[in-house]
Amino acid sequence: MLKKTNRITVAFYNFKLKHPRLVMAALVFIIIPLVSGLALGYEMKADVPTSIPTVIVNHDDSDFSRTFTGFVEDSHYFNVIEYAENDQRIKDLMDRDKAFAGIIIPENFYNDMRAGKAPKILTLYDGASLSVVTTCKTAMSEILLTTKGAYMMSIFEGKISAVPDQVMSMVTPIDVNYKFLYNSTKSFRNYLLIGMLASVIQVGIAMQGAERGYENQIAPKSYPEQIKVLGGWSFMSMISILLCLGVQYLFFDMPYRSTVWGGLLMTFLFAMCILTMGYIVGNLVPDRTFAIQISAILVLPTSVLGGYTYPIEGMPYGFQTFAKGLPFFYYGNWIRSLCLKELEFHHLMVPLLFFIKFILAELLIIWAVTLFKNWWRAKHKKEWEVTPIV
């Protein structure tokens with residue numbers, strides 16, 4: 001007698017055999033977006049890296065240097081895992097991924113500072129973990145500035161017997177405010193996750209498009225019927241993306257501050273671009289599995305090539321031009337802007353016009369392929385007295 005779990009497995013397998021299209025659609029459009037959204041949202045819920053393992057080598061051991069290391073310990077960005085005796089220890093721990101930051105305070109640091117010799121504190125970062133370095137370097141700079149300011153204030157207060165407010169204006173004669181617009185918490189989650197999720201979902205959308213394109217090879221449809229199929233599945237694809245991003249909005253406090261209708265329209269057009277791309281491949285490649293693989297490969301690298309994780313301003317000119325021809329270049333960057341900025345519909349003219357032109361070009365290709373296939377089938381039907389499958 002089959003166990004209960006085995007019976008469920010067999011029942012699911014039989015259901016999949018009877019309804020493969022429904023199962024695949026549910027998997028691609030519902031289950032994967034939900035699981036991806038929940039898993040990645042929970043993984044990055046801290047917004048920025050914190051408790052970064054840090055090693056300190058303090059050769060000075062003065063009260064001042066201990067005050068400085070106390071600031072580092074109190075910062076939630078750092079987790080001082082060891083006070084080492086020698087400098088090489090920092091590199092050893094970094095080589096084993098046990099530490100990502102290190103601080104070396106030289107001998108006679110405090111005395112040299114009082115003597116006006118400007119001693120140097122050496123801060124080390126693991127450049128192989130660039131995202132961590134970005135965070136801890138900024139935090140370390142703030143601690144160092146605070147320490148230097150406190151020292152300068154103590155010197156001035158002792159020499160000129162001035163009150164702290166007067167001393168502050170002497171220590172910092174130029175006051176600068178640094179403000180991050182739109183992402184004030186410098187959240188990695190808000191910066192990266194939105195487009196990353198869309199890049200994951202677009203692979204499934206392209207594969208679904210290839211499936212629909214291959215179905216058209218087996219059972220050819222008229223051009224208007226194909227447009228209808230593309231419209232319906234593009235709508236499903238849009239729902240899939242919204243479901244994935246909606247999880248972030250509802251459960252992980254992802255902001256959305258811009259036009260809702262603009263975001264919906266842009267998401268639908270992007271989904272149609274990707275689905276139609278897969279459809280064209282599926283409509284041309286005679287092998288179903290190979291068509292799906294090609295569609296996935298076509299869109300898979302666009303999150304990197306599209307300048308989402310690495311800005312296109314740093315790319316060679318040829319790559320910049322190529323990136324501007326990819327749908328994800330517009331969607332990835334603009335959906336992030338829609339979430340973080342307060343944009344209105346007219347701000348979206350650039351991506352919307354690109355998507356419309358891209359879709360029209362794709363539909364033109366489908367129309368040309370349909371005309372050719374109809375002509376080819378009619379020609380060979382007379383020769384073979386059957387309608388060939390193309």
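Analyst: Let's start inside. The largest nonpolar core has 54 residues, and I241, L245, M266, Y331 and F355 are the ones touching the most other members. A nonpolar core here is a set of buried Ala, Val, Leu, Ile, Met, Phe, Trp, Tyr and Cys residues joined through side-chain atoms within 4.5 Å. The elements giving two or more residues to this core are α2 (20-43), α8 (188-218), α9 (223-251), α10 (260-284), α11 (288-299), α14 (327-340) and α15 (349-384). Helix α10 gives the largest share, eleven residues. Helices and strands are DSSP runs, numbered from the N terminus (helices are H or I with at least four residues, strands E with at least two).

Before going on, a word on what you're looking at. It's a predicted model, where local features need pLDDT of at least 70 and side-chain atom pairs count only at pLDDT 80 or more, while totals for chains, interfaces and linings use all residues. Residues are numbered from 1 along each chain as its sequence is written, and side-chain values use heavy atoms, with hydrogens and water left out.

pLDDT is the predictor's confidence in each residue, from 0 to 100. The protein chain has a mean of 85, with 92% of its residues at 70 or more. Confidence is highest in α10, at a mean of 95, and lowest in helix α7 (residues 164-171), at 67. Where pLDDT is low, the predicted coordinates should not be read in detail.

Leaving aside neighbours within four places in sequence, L245 is in contact (heavy atoms within 4.5 Å) with I194, L197, M254, Y331 and I335. Apart from this core there is another one, of 19 residues, including V72, V132, M140 and Y151.

I30 is found in α2, and it is partly exposed, with a relative accessible area of 41%. Buried means under 20% relative accessible area, exposed means over 50%, and partly exposed is in between (1.4 Å probe, protein chains only). Setting aside neighbours within four places in sequence, I30 is in contact with A25 and L243. N216 sits in α8 and counts as buried, at 4% relative accessibility. With neighbours within four places set aside again, N216 is in contact with K221, Q226, Y279, N283 and R377. D253, in the loop between α9 and α10, is exposed, with a relative accessible area of 66%. Phi of D253 is near 60 degrees, a positive value in a residue other than glycine. Most residues other than glycine have a negative phi.

How is the chain divided? The domain assignment gives domain 1 (17-44 + 187-380) and domain 2 (52-171); such bounds come from an automatic or database domain assignment. The two domain centres, taken over C-alpha atoms, are 48 Å apart. For a residue-level view, the C-alpha atoms of I30 and D92, 62 residues apart along the chain, are separated by 46 Å.

Next comes the sheet. Four strands make an open sheet in the order β2-β1-β3-β4, with mixed pairing. At its edges stand β2 (78-83) and β4 (122-125), each with a single partner strand, so one side of each has no neighbour in the sheet. Neighbouring strands are turned by 25 degrees against each other on average, direction ignored. Strand β1 (residues 52-58) pairs with β2 in the parallel sense over five bridges; two strands pair if DSSP finds at least two bridges between them. V55 stands opposite E82 in β2. Six of the seven residues of β1 are buried, so β1 is largely enclosed by the rest of the structure.

Helices lie against this sheet too. Helix α3 (residues 63-74) lies across β1, β2 and β3 (101-105), running at about 135 degrees to β2. Helix α4 (residues 88-95) touches β1, β2, β3 and β4, and its direction makes about 180 degrees with that of β3. Axes are lines fitted to C-alpha atoms, for helices over the stretch in contact, and angles run from 0 to 180 degrees between N-to-C directions.

Two last residues. N108 is in the loop between β3 and α5 (109-114), has a positive phi near 55 degrees, and counts as partly exposed at 43% relative accessibility. L130 is found in helix α6 (residues 130-160) and is exposed, with a relative accessible area of 59%.
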